[in-house]
Structure formats: C-alpha cells, structure tokens
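Have the sequence and the 3D view open as you read.

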Amino acid sequence: MDEPLSIQVRFQDEDVDQAKAALTSEGAGELKYVAQKGAVGIETLMLAILAAQGLANLLIVYLRLWKCGVIVDTRGPKVEVEKNCDIPRGSVMIVSGKDTRTLLDKPTPFQLEAMIKSLMSKSG
Amino acid sequence: MEHSTGVGSQIPNWTADAQAFVAYEQERAYRKIAEELGFGPDAAKAFNYLSHGVMPASHADPEKLKHLLGDVWPGGEASWQVFSANTRQLLELLFAYEPTSAFEDINLYRSMILTLLTLAMPIGADEGQTEPLPLVASLPSGDVNAKILVEPTSMQPIVFFEQGLFSFVFDFVLVISRSLSRFDPVQMDALDAPSILPRKLPLSPEVVDFLYSSVLSYVAQGNPKTSKQSNLSPDHNLLLAVRLVQELEWFIMAHELAHLSEGHLSEAAGDAAGNWKQEYAADAIAFRRLAHRAQATSGTWVLAAWACDSAVLMFQLLELALQTLAFGNAESLWTSRTHPPAAYRLSALRGIGLFDRVPSPSWPALQAFGDLGSLTNDVLTDLWAHIEPRLLEDFEKGARPSPLWRAKIAANFTRASERRNG
C-alpha cells in the first residue's frame, strides 16, 4: 500500500523545530503546525501527509531525538504518532485493527515500513 | 446535528473543517477513556457511559437558587427581579445552542458558551472580546486544563475545556467554601470599604477526606468521572461557591482569550523565556478584565481578583499533588518550557503590577484582596499538611500518577538528582 498517509504527530517538551525538520526531510506534504496555548502545560501537534516509507524513516528519527518510545495508532482516519515514555526506549508500538498492539524493539526502517503497510492494508 | 449561532450572538459559524477537527479530537479522547474502562476502543460506549444526558432548563431555574438561600435574596427584592429576568433570558438564549459533534457534552458546551458570551460583552472599562470569537468545545479527559488552538485548515480559533477542569474547579471551590465561615453576600460586594471578611474554620475531617480523595482520583486514576467520589456541600457558603465557580471559569476562559487577542497563536513556538512571558501576560490580562468587569457590575473588584488568585492556587495544588505522587520525598525541579510554576504565577498576580490591573486600588480593597489571598493560602497549607502524608504513604505502597499525567510530569519536572548529575 503506497497511498500517502494523513498523520498527526504529538509530543510534549521536545524541540519543535527539530520535529518539523524531520517531517520535511522525509518529504512530508501539507505540513501544518497547530499553534496552541494552554492554561497549564500543552502538547505540540503537527499534521502532515507522508508515504509509509517516509513514516518509517520519521519514526527512526523521532526515536533518536526523543529518547523514548513512540506509539503509532493506525485505527482511525489519521495515523497518530505519539511520543510515549512508558514503552521501552527505542521501541515502536503499533496499534491497529481492533486494538491489536505490536511492539517492535529497536526496529529498522525496513521492518517499520513493512509492518505499517501490512497493517494499513488489512484495515484499509 | 444542528449548529446554531444563537440569538444576536457573536459566536461564529462552525466550518466543516473545524467541526471535523473537534469531532476527531473528541472521539480520540473518548476512545482512550473507553480503553481505560475496559470497553475496548469503543468511543461511543465511553461517551454514553459518562454522559449525564441533557440538563433540562428547569434545572437552572433561578428560583431553585433562591430557595436554597432560604427564599430570601441577599440584595433584596428589586435585585432579585433583575437577576431572575436576566437569568431566564440568558437560559433561553443558551438552550438554543446545540453541539456540533456527536461526542460533545451538551451541558458543558452550553456552559462554555455562557462563559464566552459573558466575556464577549463590553462591561465598564472592559471592552469585551473583539472579533473573531473562538469556537468552544469540551474534551472528556481528567486533565485539569484548557487550551486554545487555531484549526489549521479553516484558521478558526477553538477553545477546549477538559472535563477534569470543570470538576476540579468545582471540588476546589467546595473545599474553600466549607473551610471558611459564612461570607455575607452583602459584604461580598462591599469590599472597597472596610469589610468583615470570613475567617478560617477549624479543619474538618470531612473536608480533608474530600480533598484527599478528590486529588487522588484526579492524579492517580486520571478521570474523576470514572471513579466514585463523595459529595461535599457548600453549606453556609452556597452563594460564595456559586460565584467562585463562575469567576474561576471566567478567569480560565479569559486567559485563553488573551492568548488570542495578544497574537500568541500567530507566532512560532518560542523559547522558554518567551513562553513564560506570554503566560504571565495572559494571566495579567485575564485578571485585569475580570477586575474591571466586577467593579462595573458589583461595585468592587476584590471578589473577582480573589477568584483569579484562587484559580492559580488551584493549579499549584495540582502541581504539588502530581509532584508528590510522582517522586515521593525525592526533590524535583520545575523544568517546563511552556509555563512558569503556579507559585511564580501567583507571585506575579499579587505583585507590584497589581496597581495597574485593578480599577480602584483603594487601601481597604487592597487589604481585603491581600487578606482573602492569605486566607486561602492558609486553608490550603493546613489541608496540604494533612493530605501530603497520605499521598506519600500511597506512593510508598506503589501508587503513581495515571498515564494521563506522565507526559506532563516529564515535561514539567526533573528529579533534582538527575539535574545535578547532568
């Protein structure tokens, strides 16, 4: 499945410019930064269009930048990419279908791309 | 689902993009709650489980409030007639509003509309809110927060209030109201002259238990709506409680509107110093607005200012609770790049700039504001002295903040030992 994916990236307390640059360098289209302010702490939200391969590469970059894990939720109309420090550092958890959770420990871009395409084609 | 702009209101029309954005965020939030509740990813099930249904207009009948106050209106019969007529007119306007999303809580939505329309009106020296007004929407998490953002396609600003914010404001106000002797309603509007202020009551085990269980349900369980809590009645301070809830919500909404009017949302994400400056500015602008509006409507700015002060004190209580349950006795440092800690925000509100923010800095009014702030400080210090050991005990037994808070804790706190070790 090579259709571009609509993704949303969420994180707190990380460099926004670096996260944006990573999206741009992976060829993200229609990149939108959602400006927001809160009464107390607030997360960063960015929207973009990205191919599965670009998403896989992006996840590798974020794992390195954020020094945490990343959760990728493919169940909805948009792919949610969210920093998560509750899963092991360097791992990616992909949530798909009817709440199936697949944990990949220190995956390669190839593994990620294959997994994402496989799961998106099953749910598509 | 209809979306109404109401009668003669300034609420903008919802664009399809804004509707879709809000619906997506709400459904996503309910899906998370559904997973916590063991419903799987069934957002609709979580929504139906947590929904209280539509509050009928009769529930907000001003006669009910008057009855709870002993059928005697504090300001006298003429004042009652004005209040009753205005309230009924406002309810008629409000109940014309329908939410735009299947996952919107209609009661909270209408409450937010009421808050927004109230602040939009020019009153006294406050010019009201200039166009464009934001849209409003609620989110169902237990996060005690509000935010304003710009929907990136339609560029419509949207204010979100979390369920947790509404609930925590309510619980906090109940605690304050019950911890003070009766605040004479007539005195509440006469604070520009030497006044008789309430005093701190002896600490009540019921109030301590209520605050402890409330704080624990927010911090450890993450969503008070999904956990059972006892109720606390405001008893002798019902009218104070009603006014404080209203003013605290106004302050928080006004803080978000200040970000909009000051252009903070059109700027790129700034550095920590720039972000902190914007937060201080939003607090100050909200404080000023409410103080001026109160002076024009009730003759004194003090109660409104005290409410703004109390809102930030409420955030400080939450920070302490998060810190305690996350780190126990270990020292931690505040490291947020987006917000100053509540203690600094409180100092800023009470500091030298106060004279520029209030309409009539008379000595009695300044003293009353200072005294009321000290009073709530003392109340919460006493309560915290009883609650902190219980939270530490919970920490020792393995209790930790709900996953809802972990990103926020990581963003806002660093263990002191980690910072020293570099």
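## Two loop residues in chain A

Let's start with A:Lys106, which you'll find in the loop between strand S8 (100–105) and helix H3 (109–123) of chain A. Keep in mind that you're looking at a predicted model. With a relative accessible area of 57%, A:Lys106 is exposed, because anything over 50% counts that way. Its backbone is worth a look too: phi of A:Lys106 is near 45 degrees, a positive value in a residue other than glycine. Most residues other than glycine have a negative phi.

A:Asp13 is another non-glycine residue with a positive phi, here about 60 degrees. Look for A:Asp13 in the loop between strand S1 (5–11) and helix H1 (16–25) of chain A. Is A:Asp13 buried, partly exposed or exposed? Its relative accessibility is 26%, so A:Asp13 counts as partly exposed.

Now hop over to chain B and pick out helix H8 (residues 205–221), helix H11 (residues 302–327) and helix H14 (residues 363–396). Two packed helices are described by the angle between their axes and the distance between the axes. Take H11(B) and H14(B) to begin with: their axes come within 10 Å and cross at roughly 15 degrees. Angles under 35 degrees count as roughly parallel, so that's how H11(B) and H14(B) run relative to each other. H11(B) passes H14(B) in a right-handed crossing, and their contact has 19 nonpolar, five polar and three charged residues.

How does H8(B) sit against H11(B), roughly parallel or roughly perpendicular? The two axes come within 10 Å and cross at roughly 70 degrees, which makes H8(B) roughly perpendicular to H11(B). This crossing is right-handed. On the H8(B) side you'll see B:Leu211, B:Val215, B:Leu216, B:Val219 and B:Ala220, which meet B:Leu317, B:Leu318, B:Ala321, B:Leu322 and B:Leu325 in H11(B). Sorted by class, that contact has ten nonpolar residues, with no polar and no charged ones.

## H8 against H14

The axes of H8(B) and H14(B) also come within 10 Å, crossing at roughly 55 degrees. That makes H8(B) oblique to H14(B), and the crossing is right-handed. Residues of H8(B) at this contact include B:Val207, B:Asp209, B:Tyr212 and B:Leu216, while those of H14(B) include B:Leu380, B:His386, B:Arg390 and B:Asp394. By class, the contact of H8(B) with H14(B) has ten nonpolar, one polar and three charged residues.

## Two serines in chain B

B:Ser141 sits in the loop between strand S1 (135–139) and strand S2 (146–150) of chain B. Its relative accessible area is 16%, so B:Ser141 is buried. Which side chain does the side chain of B:Ser141 make a polar contact with? The partner is B:Glu162, at 2.8 Å. Leaving out residues up to four places away in sequence, B:Ser141 also touches others, among them B:Ile33, B:Asn223 and B:Leu404.

B:Ser261 belongs to helix H9 (residues 238–261) of chain B. At 42% relative accessibility, B:Ser261 counts as partly exposed. The side chain of B:Ser261 reaches the backbone oxygen of B:Ala258 at 3.3 Å. For a sense of scale, B:Ser261 and B:Leu180 are 81 residues apart in sequence and 37 Å apart in space, C-alpha to C-alpha.

Conventions:
Residues are numbered from 1 along each chain as its sequence is written. Chains are lettered from A and ligands numbered from 1 in the order in which they are written. This is a predicted model: local features need pLDDT of at least 70, side-chain atom pairs count only at pLDDT 80 or more; totals for chains, interfaces and linings use all residues. Side-chain values use heavy atoms; hydrogens and water are left out. Axes are lines fitted to C-alpha atoms, for helices over the stretch in contact, and angles run from 0 to 180 degrees between N-to-C directions. Helices (H or I, at least four residues) and strands (E, at least two) are DSSP runs, numbered from the N terminus. Angles under 35 degrees count as roughly parallel, over 145 as roughly antiparallel, 65 to 115 as roughly perpendicular and the rest as oblique. A crossing is left-handed if the near helix is turned anticlockwise from the far one by less than a right angle, and right-handed if clockwise. Ala, Val, Leu, Ile, Met, Phe, Trp, Tyr, Cys and Pro count as nonpolar, Asp, Glu, Lys and Arg as charged, and the others, Gly among them, as polar. Buried means under 20% relative accessible area, exposed over 50%, partly exposed in between (1.4 Å probe, protein chains only). A polar contact is a pair of N or O atoms within 3.5 Å; within protein, one must be able to donate a hydrogen and the other to accept it, and residues adjacent in sequence count only if both atoms are side-chain atoms. Contact means heavy atoms within 4.5 Å.
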